[in-house]
Amino acid sequence: MSDTKVYLLDGGSLVLDGFHVFWNKGPGGEIRFPVYSILVEHAEGRFLIDTGYDYDHVMKVLPFEKPIQSEDQTIPGALKKIGLEPKDIDVVFNSHFHFDHCGGNKHLPDAKKICHKSEVPQACNPQPFEKLGYSDVSFSAEAAEARGMTDQLLPGTTAQNSTFEGIEGDVELAKGVKLYFTPGHSIGHYSLMVNFANRRPILFTIDAAYTRQSLETLCQASFHIDPVAGVQSMQRVKQLAADHDAELFYSHDMESFETYRTGTLFYE
Ligand SMILES: [Zn+2]
């Protein structure tokens, strides 16, 4: 059995105001932050956790987030860099369906799709304050139809190949690859822990904590459906890291991201 490897697929960057990154705390002003996806090469298959944002979508719907993304930072481009094609991905798991976590799903029609059971319904019918977050529905024919946004669908996206298997609670995606239910940021949000043969586990907070500072100060982003659950999820992530001696990786922390292995480098 081959050992588990993790590649971080650099998906470019976006900008938010500091009062969004650190809710009710700030300080205000532009913060440029990274977006990346997580590829787990495992004896049970290739698992892609999240798929970044789609440049054209952001330019059309949220241009104020000032996307910077090269060809190498798209899902097909990042996979190509490590000698893979979209059809080589067996399973796509989406931590949640905010546009910067599902924009590349459309390139992966052949993969099995998994998410929390409440996330597709939420993308179909988001709260008014969640509409921009859930603005890219190209990952799901069902969501695109429910929102009257079928113009976003690529011709290859069908109801059949964009149907998700819904899960709930904590779930082992593959041996040593565990999804921890951490709601609050979104209704069905998950964080991810990966175990390795030769190093400490990595616990990806995903959007339960955008940055190291967010987790240390229990200060979540202003984008959330339940801020009290969001605080509890941050406390849970801290406890999980302590219990498993896991290294914490943050989703949108430029200072941390610059120390991570990306491109053809990997963790094993
Ligand atoms: Zn999010």
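Let's start at Ser13, which stands opposite Pro34 in strand S2. This is a predicted model, by the way, so please keep that in mind as we go around. The two strands involved are S1 and S2, the latter covering residues 30-42, and they pair in the antiparallel sense over 11 bridges. For anyone new to this, strands of a sheet pair through backbone hydrogen bonds, either parallel or antiparallel.

Now step back to the whole sheet. It is an open one of 6 strands, running in the order S1-S2-S3-S4-S5-S6, with mixed pairing. At its edges are S1 (5-17) and S6 (164-167), each of which pairs on one side only. On average, neighbouring strands here are turned by 20° against each other, ignoring direction.

Gly26 and Pro27 are joined by a cis peptide bond, with omega about 5°. Pro27 sits in the loop between helix H1 (18-21) and S2.

Next, please find helix H8, residues 227-244. Its 18 residues reach 26 Å from the first C-alpha to the last, close to the 26 Å expected at 1.5 Å a residue. Which residues of H8 are buried? They are Ala229, Gly230, Ser233, Met234, Val237, Leu240 and Ala241. These cover an arc of only 145° around the axis, which means they lie on the same side of H8.

What do the buried residues of H8 pack against? Their partners are strands S8 (177-181), S9 (190-194), S10 (202-204) and S11 (247-249), along with helix H7 (212-216). On the face turned away from that buried side, you will find the exposed residues Val228, Gln232, Ala242 and Asp243.

Both ends of H8 deserve a look. At its start, a side-chain oxygen of Asp226 comes to within 3.1 Å of the backbone nitrogen of Val228. Just after the helix, Asp245 takes a positive phi of about 50°.

Asp50, although not a glycine, has a phi of about 70°. You can find Asp50 in the loop between strand S3 (45-49) and helix H2 (55-61), and its relative accessibility is 3%, so it counts as buried. Ile206 is not a glycine either, and its positive phi is about 50°. Ile206 belongs to the loop between S10 and H7, and it is buried too, with a relative accessible area of 5%.

Definitions and conventions:
Residues are numbered from 1 along each chain as its sequence is written. This is a predicted model: local features need pLDDT of at least 70, side-chain atom pairs count only at pLDDT 80 or more; totals for chains, interfaces and linings use all residues. Side-chain values use heavy atoms; hydrogens and water are left out. Two strands pair if DSSP finds at least two bridges between them. Helices (H or I, at least four residues) and strands (E, at least two) are DSSP runs, numbered from the N terminus. Axes are lines fitted to C-alpha atoms, for helices over the stretch in contact, and angles run from 0 to 180 degrees between N-to-C directions. The expected span of a helix is 1.5 Å times one less than its number of residues. Buried means under 20% relative accessible area, exposed over 50%, partly exposed in between (1.4 Å probe, protein chains only). The arc is that of the directions from the helix axis to the C-beta atoms. Contact means heavy atoms within 4.5 Å. A polar contact is a pair of N or O atoms within 3.5 Å; within protein, one must be able to donate a hydrogen and the other to accept it, and residues adjacent in sequence count only if both atoms are side-chain atoms.
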